[in-house]
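Try each task before reading its solution.

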Amino acid sequence: MQTRSTESVPAVNEVRLVGRVSGGPEERVMPSGDVLVSLRLVVPRELTKRADPDRPTVAVDTIDVACWSASTRRVALRLKVGDSAEVAGALRRRFYRAGAVALSRYEVEAQKLSRR
């Protein structure tokens, strides 16, 4: 049996989301001087069969989106809660401190953002 080296397998980090804006855009200036606009997108999740069909459940994923480029920041600042939006980007893990505790979270870094 032949094994493949991980070097021969191209790495891919691509994310495409279409959902509704649930948290209005927030603009922040970072200590470095860079500007970040962040928002939240709610994306419905496909449901599997439930044991009790009389109790429907709505499943969603709520995903933080970070807009660093001027073009994605501009589009993000025009979006309102409830708008439908499409994001293409990459999944990122961000590390930060809250007091003495080191924490991390995942977010999508938008490379393209549009209202739908």
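A salt bridge here is a side-chain nitrogen of Lys or Arg within 4 Å of a carboxyl oxygen of Asp or Glu. Keep in mind that the model is predicted.

**Exercise 1. Find the salt-bridge partners of E86 and say which parts of the chain they connect.**

Solution. 
- Step 1: Start with R16, which forms a salt bridge with E86, their closest N and O atoms being 2.7 Å apart.
- Step 2: Now look at R116. Its salt bridge with E86 has the closest N and O atoms 2.8 Å apart. R116 sits in the segment after β5, so here the parts tied together are 30 residues apart in sequence.

**Exercise 2. Is D64 buried or exposed, and what does it pair with?**

Solution. 
- Step 1: The cut-off for buried is under 20% relative accessible area. D64 has 19%, so D64 is buried.
- Step 2: The partner is R105, with closest N and O atoms 3.7 Å apart. The pair links strand β5, which holds R105, to strand β3, which holds D64, 41 residues apart.
- Step 3: R105 has a relative accessible area of 34%, so R105 is partly exposed.
- Step 4: Widen the view: D64 and R105 belong to a network of salt bridges that also links R40, R92, R94, E107 and E109. A search of the whole structure finds 10 salt bridges.

**Exercise 3. Work out which residues of helix α1 are buried and what they pack against.**

Solution. 
- Step 1: In α1 (residues 70-78), the buried residues are T72, V75 and A76. They cover an arc of only 100° around the axis, which means they are on the same side of α1.

**Exercise 4. Locate the nonpolar surface patch made by Y96, V101 and L103.**

Solution. 
- Step 1: Together, these three residues make a patch of about 250 Å².
- Step 2: V101 lies in strand β5 (residues 101-115) and, at 45% relative accessibility, counts as partly exposed.

Note on methods
Residues numbered from 1 in each chain as written. Predicted model: local features only at pLDDT ≥ 70, side-chain atom pairs only at ≥ 80, totals over all residues. Heavy atoms only, no water. Patch = residues over 30% accessible without salt bridge, like charges linked within 9 Å, V, L, I, M, F, W, Y side chains within 5 Å. Areas by Shrake-Rupley, 256 points an atom, 1.4 Å probe, with all protein chains shown as cover. Helix = DSSP H or I, 4+ residues; strand = E, 2+ residues; numbered from the N terminus. Buried < 20%, exposed > 50% of the residue type's maximum accessible area, 1.4 Å probe, protein only. Arc of directions from axis to C-beta. Contact = heavy atoms within 4.5 Å.
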